[in-house]
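Have a look at the picture, and then we'll go from the overall layout down to a few single residues.

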Amino acid sequence: MSGTDPQGLSSGAGDGTRAVRAGLPEPVKHEPTLPGPVFAAHYHLPGEPTGPYAYGRDENPTWTHLERAIGELEAPGEDGVETLVFASGMAATSSVLFSQLRAGDAVVLPDDGYQALPLARAQLEAYGIEVRTAPTGGDAQLDVLDGAKLLWLETPSNPGLDVCDIRRLVEAAHTRGALVAVDNTLATPLGQRPLELGADFSVASGTKQLTGHGDVLLGYVTGRDAEAMAAVRRWRKIIGAIPGPMEAWLAHRSLATLQLRVERQNANALAVAEALRDWPEELGVRYPGLPGDPSHKIASQQMRRYGCVVSFTLPTRARAERFLDALRLVDDATSFGGVRSTAERRGRWGGDAVPEGFIRMSVGAEDPEDLVPDVLRALDESAQ
């Protein structure tokens, strides 16, 4: 679709304008610009069950506003794109995997992706689905793609921050008759738009930078193929993995500041990455926005912003734990994307193939003049 969307935004509207206005209903005198959450299990429904709202597991007006907003961010100005929201990122991920695959099919997953993917792999295999894996970097998933029904990409990967060429992989997958889903959690729609790069699904955890305050669990799937999305919708209905109306409303409220948060957090992430790169010790710093990063060339061709996550490796587990203890402005916590900086020794979970001293840092919105010195001071103190 060219021209304008329901909010009157042109397809070329800026990210800030779109984030502030996306998904809002038409203005009505004396009504709020963003209606409050609708807490309803059922609706008045005399006669035949026609219309959009019949039962709370199927549809909710609060979801509708949020789904439209996310769709406008993922595919600005495009007709025929549908978004469905879920109770969590893994609920959204599972909906695509289990709605599109059946016994005898093959799926290609990254072997360096989110640590819950191995749990999904075990369940897929229990259902008679062949699971193949390969690293994200170097487009290695191409090597195991033949005969697959679905290709799952996670780029940048979490926590290693490797990047693959989405356009190249999509073209190869579609030539072989496979669908492509891209986990867009780390990038957000303001950093990368998988559907514009040819993917069939953009999937994400809205728990992270999309909502940005560490107080909402949410996931979503955006796609343009009506039949494929109908299967995803049916899976949501069967499983009932739906978000609460309050969570959906909070998520939509938070979208208004997405561009502001992303700009600040990404600038801070680059500042932290540069400082870590220039530290006297070799830390193996990874950030796609660093010109010397192995991911930078491909990332710069398909990403508009590089995300808020920086990774680096300290020599030992003990050193990493001392570093985390010495930080004053960075919380020792999991997840990423919040306005408050967090960091963790990722190996403590046991699900990622990373060294014991590997640190995943999510850079927040603090003043860089405060944040960068805090990180460097903690590095110095932890080395004593």
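How many residues of domain 1 are in contact with residues of domain 2? Counting contact as heavy atoms within 4.5 Å, 35 residues of domain 1 touch 36 residues of domain 2. The domain assignment sets domain 1 at 15–253 and domain 2 at 258–383, and such bounds come from an automatic or database domain assignment. The C-alpha centres of the two domains are 26 Å apart.

A quick word on the ground rules. This is a predicted model, where local features need pLDDT of at least 70 and side-chain atom pairs count only at pLDDT 80 or more, while totals for chains, interfaces and linings use all residues. Residues are numbered from 1 along each chain as its sequence is written, and side-chain values use heavy atoms, with hydrogens and water left out.

**The whole chain**

The protein chain has eleven helices and eleven strands. Helices (H or I, at least four residues) and strands (E, at least two) are DSSP runs, numbered from the N terminus. The radius of gyration is 21 Å, close to the 21 Å that the globule rule gives for 384 residues, so the chain is as compact as a globular protein of that length. That radius is taken over C-alpha atoms, and the rule is 2.2 Å times the number of residues to the power 0.38. Along its principal axes, the C-alpha trace spans about 75 × 55 × 35 Å.

What about the inside? Of the 384 residues, 54% count as buried. Buried means under 20% relative accessible area, exposed means over 50%, and partly exposed is in between (1.4 Å probe, protein chains only). Among contacts between residues at least 6 apart in sequence, 67% join residues at least 24 apart.

**Helix 7 and Pro245**

Helix 7 covers residues 245–255, and its buried residues include Pro245, Leu250 and His252. Which helices do the buried residues of helix 7 pack against? They pack against helix 1 (15–21), helix 2 (61–74) and helix 8 (258–277).

Pro245 itself has 18% relative accessibility and so counts as buried. Setting aside neighbours within four places in sequence, Pro245 is in contact with Pro37, Val38, Phe39, Asn60 and Thr62.

Is Gly219 buried or exposed? Gly219 is buried, with a relative accessible area of 0%. This glycine lies in strand 7 (residues 219–223). Leaving out neighbours within four places in sequence, its contacts include Leu84, Phe86, Ala92 and Ser205.

Leu329 sits in the loop between helix 10 (317–326) and strand 9 (331–332). At 36% relative accessibility, Leu329 counts as partly exposed. Apart from neighbours within four places in sequence, Leu329 is in contact with Ser341, Glu366, Asp370, Leu371 and Asp374.

| Pair | Apart in sequence | C-alpha to C-alpha |
|---|---|---|
| Pro245 and Phe39 | 206 residues | 6.2 Å |
| Leu329 and Ala365 | 36 residues | 11 Å |
| Gly219 and Leu276 | 57 residues | 32 Å |

So much for the close-ups; now you can find each of these spots in the picture yourself.
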